[in-house]
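Here's a quick tour for anyone meeting this protein for the first time. Take a look at the sequence and the model, then read on.

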Amino acid sequence: MRSNRLTEAIWALFRIVIGLLFALHGASTVFGIFGGNRGSGHAAAVGTWPGWYAGVIQLTCGLLVLVGLLTVPAAVLASGSMAYAYFTVHQPNGLLPLQNGGDAPALFCWAFLAIAVVGAGPWSLDGLRRARGTAASPATDSGTAVSVT
């Protein structure tokens, strides 16, 4: 993968924007804000399957990815939930996302899969936790000694 001085910043912005958009979808479903569940102006009824649970996953995982905390497990759950949504809700209405309205779930699924594989990056709470753990440790992941000053 090609890397330059902007890679970390762009990756952080990508992760933050994807997390924010996902959290907003969840907030609209759970709280009925921003147009509400599926544009109804209302929240999904608590406990209804799969809508309300999907909204909770979207809100929770979106916020975790946004701040970069527990990013990999949150992104795996988010990616899986979007794959489920695509294949159970959208795909029966047509083969391609352009035909079945599944563009957003497909894009979210692949974006979260990329985040799960690459990780949160250094500009995240996970990165901060990792940096603090490394600074306190006398060795790096490769096992070579490091001078801590």
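## Ground rules

Helices here are DSSP runs of H or I with at least four residues, strands are runs of E with at least two, and both are numbered from the N terminus. This is a predicted model, so local features need pLDDT of at least 70 and side-chain atom pairs count only at pLDDT 80 or more, while totals for chains, interfaces and linings use all residues. Residues are numbered from 1 along each chain as its sequence is written, and side-chain values use heavy atoms, with hydrogens and water left out.

## The overall layout

The protein has 6 helices and 0 strands, running α-α-α-α-α-α from the N terminus on. Of its 149 residues, 34% are buried (under 20% relative accessible area with a 1.4 Å probe and protein chains only; exposed is over 50%, partly exposed in between). A contact means heavy atoms within 4.5 Å. Among contacts between residues at least 6 apart in sequence, 59% join residues at least 24 apart.

UniProt, in an unreviewed entry, puts "transmembrane region" at residues 12-34, 54-87 and 107-125. Its positions are given in the numbering used here, feature names are shortened, and annotations may be inferred rather than shown by experiment. Residues 54-87 are 91% helix and 0% strand, with their end C-alpha atoms 14 Å apart. For residues 107-125 the end C-alpha atoms lie 24 Å apart, and that span is 68% helix and 0% strand.

## What's packed inside

A nonpolar core is a set of buried Ala, Val, Leu, Ile, Met, Phe, Trp, Tyr and Cys residues joined through side-chain atoms within 4.5 Å. The largest one has 16 residues, and Phe-22, Phe-112 and Ile-115 have the most contacts inside it. Helices H1 (7-31), H2 (51-67), H3 (71-90) and H5 (103-118) each supply at least two of its residues, with H5 giving the most, 6 residues.

Which residues does Phe-112 touch, leaving aside those up to four places away in sequence? They are Ile-18, Phe-22, Val-65, Ala-75, Ala-78 and Ser-79.

## Two pockets to find

Pockets are worked out on a 1 Å grid over the protein atoms alone: each is an open set of points where a 1.4 Å probe fits, with protein on both sides within 12 Å along at least five of seven lines, and lining residues have an atom within 4 Å of a point. Grid points are joined across faces, edges and corners, and a volume is the space filled by probe spheres set on the points.

The largest pocket has a volume of about 690 Å³. It is lined by 29 residues, and Arg-38, Ala-54, Gln-58, Met-82 and Ala-85 lie nearest its centre. H1, H2, H3 and H5 give two or more residues each to this lining. The second largest pocket comes in at about 280 Å³, and of its 16 lining residues, Trp-11, Val-118, Gly-119, Ala-120 and Gly-121 are closest to the centre. H1 provides the largest share of that lining, 4 residues.

Leu-70 is partly exposed, with a relative accessible area of 45%.
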